[in-house]
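I opened a new model today and kept notes as I went through it. The entries follow the order in which I looked things up.

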Amino acid sequence: MKRTIKHLVYTLLTAVLLTSCGNGETLQSYYVDHHEAKNFISQDLPLSMIEIDKTEFTQEQQEAYNSVSKLNFIGYKASETDSLTFKTELAIVKGILNDSKYNDLMEFSDKGRKIYVKYVGTEEVADEVVVFGSSKDMGFGIVRILGDDMSPDKMVTLVGAMKNADISEAQIENIRNFFK
């Protein structure tokens, strides 16, 4: 009798553990699965490696900048010969980012490119900020912004400042060359 109860308890625990693990793909698993795949490039960048002139930053932008510790980038280069794979990968990423855990922060278009900024967390504190951009001609790129005590409102102002920032071409040369 004790043996049967023991097996029943183990079976129930195993069932609970297996059903609690989500089967859906996450952005993290997408990065891991594709970081060395064909037509992909990925880089992890500590923010300290990116030199940005912060003299024009407002206090809010400076606080947002200081809350960021690391950037994870993955990009897919579109090619005329493999448009089906591009469309498939784009659909996968959009599906991941349509998950309810990703809150919309802002969206804009620039020279035929669509850019979305989303975050995971609350209105006061973001655990992760995601910048996703795509273009039919070039492909798509995803930047995961990771840090401590990031504020979604302040990140909006930082993203706006970064759009106009004078970032040295040499710092992002590998990424730019990949998309050429």
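**Confidence**

I began with residues 4-22, where pLDDT stays under 50 and the model has 0 contacts beyond four places in sequence. Where pLDDT is low, the predicted coordinates should not be read in detail. By element, helix H1 (residues 2-20) has the lowest confidence, at a mean of 41. The highest belongs to helix H4 (residues 83-97), at 93.

**Cores**

I looked next at the nonpolar residues. In soluble globular proteins, nonpolar side chains tend to be buried together. The largest nonpolar core in this model has 20 residues. I listed those with the most contacts inside it: Val68, Val129, Ile145, Met150, Met155 and Leu158. At least two residues of this core come from each of helix H3 (59-67), strand S2 (68-77), strand S4 (113-121), strand S5 (126-135), strand S6 (139-150) and helix H5 (152-163). I also found a second, separate core of 18 residues, with Tyr30, Leu97, Tyr102 and Phe140 among them.

Not counting residues up to four places away in sequence, Leu158 touches Phe57, Gln61, Ala64, Tyr65 and Val68.

**Positive phi**

Most residues other than glycine have a negative phi, and most peptide bonds are trans. Asn39 has a positive phi of about 70 degrees and is not a glycine. Asn39 sits in the loop between helix H2 (27-34) and strand S1 (40-46), and is partly exposed at a relative accessible area of 22%. Asp149, also not a glycine, has a positive phi of about 55 degrees. Asp149 is placed in strand S6, and at 66% relative accessible area Asp149 is exposed.

**His34**

Is His34 buried or exposed? Its relative accessibility is 12%, so His34 counts as buried, the cut-off being under 20%. His34 belongs to helix H2. A polar atom of the His34 side chain lies 2.9 Å from the backbone oxygen of Tyr30. Beyond four places in sequence, I recorded Glu25, Phe40, Ile74 and Glu89 as residues that His34 touches.

**Gly133**

Gly133 is in strand S5. With a relative accessible area of 19%, Gly133 falls under the 20% cut-off and so is buried. Leaving aside neighbours within four places in sequence, I found Gly133 in contact with Lys114, Ile115, Gly139, Phe140 and Gly141. I also noted the C-alpha distance from Gly133 to Val117, which is 8.7 Å for residues 16 apart in sequence.

**Second largest pocket**

What lines the second largest pocket? I listed Phe86, Leu90, Lys94, Gly112, Lys114, Tyr116, Ser134, Ser135, Lys136 and Asp137. The space in this second largest pocket is about 170 Å³. H4, S4 and S5 each supply at least two residues of the lining. H4 gives the most, with 3 residues.

How values were computed. Residues are numbered from 1 along each chain as its sequence is written. This is a predicted model: local features need pLDDT of at least 70, side-chain atom pairs count only at pLDDT 80 or more; totals for chains, interfaces and linings use all residues. Side-chain values use heavy atoms; hydrogens and water are left out. A nonpolar core is a set of buried Ala, Val, Leu, Ile, Met, Phe, Trp, Tyr and Cys residues joined through side-chain atoms within 4.5 Å. Buried means under 20% relative accessible area, exposed over 50%, partly exposed in between (1.4 Å probe, protein chains only). Helices (H or I, at least four residues) and strands (E, at least two) are DSSP runs, numbered from the N terminus. Contact means heavy atoms within 4.5 Å. A polar contact is a pair of N or O atoms within 3.5 Å; within protein, one must be able to donate a hydrogen and the other to accept it, and residues adjacent in sequence count only if both atoms are side-chain atoms. pLDDT is the predictor's confidence in each residue, from 0 to 100. On a 1 Å grid over the protein atoms alone, a cavity is a set of points where a 1.4 Å probe fits but cannot get out, and a pocket is an open set with protein on both sides within 12 Å along at least five of seven lines; lining residues have an atom within 4 Å of a point. Grid points are joined across faces, edges and corners, and a volume is the space filled by probe spheres set on the points.
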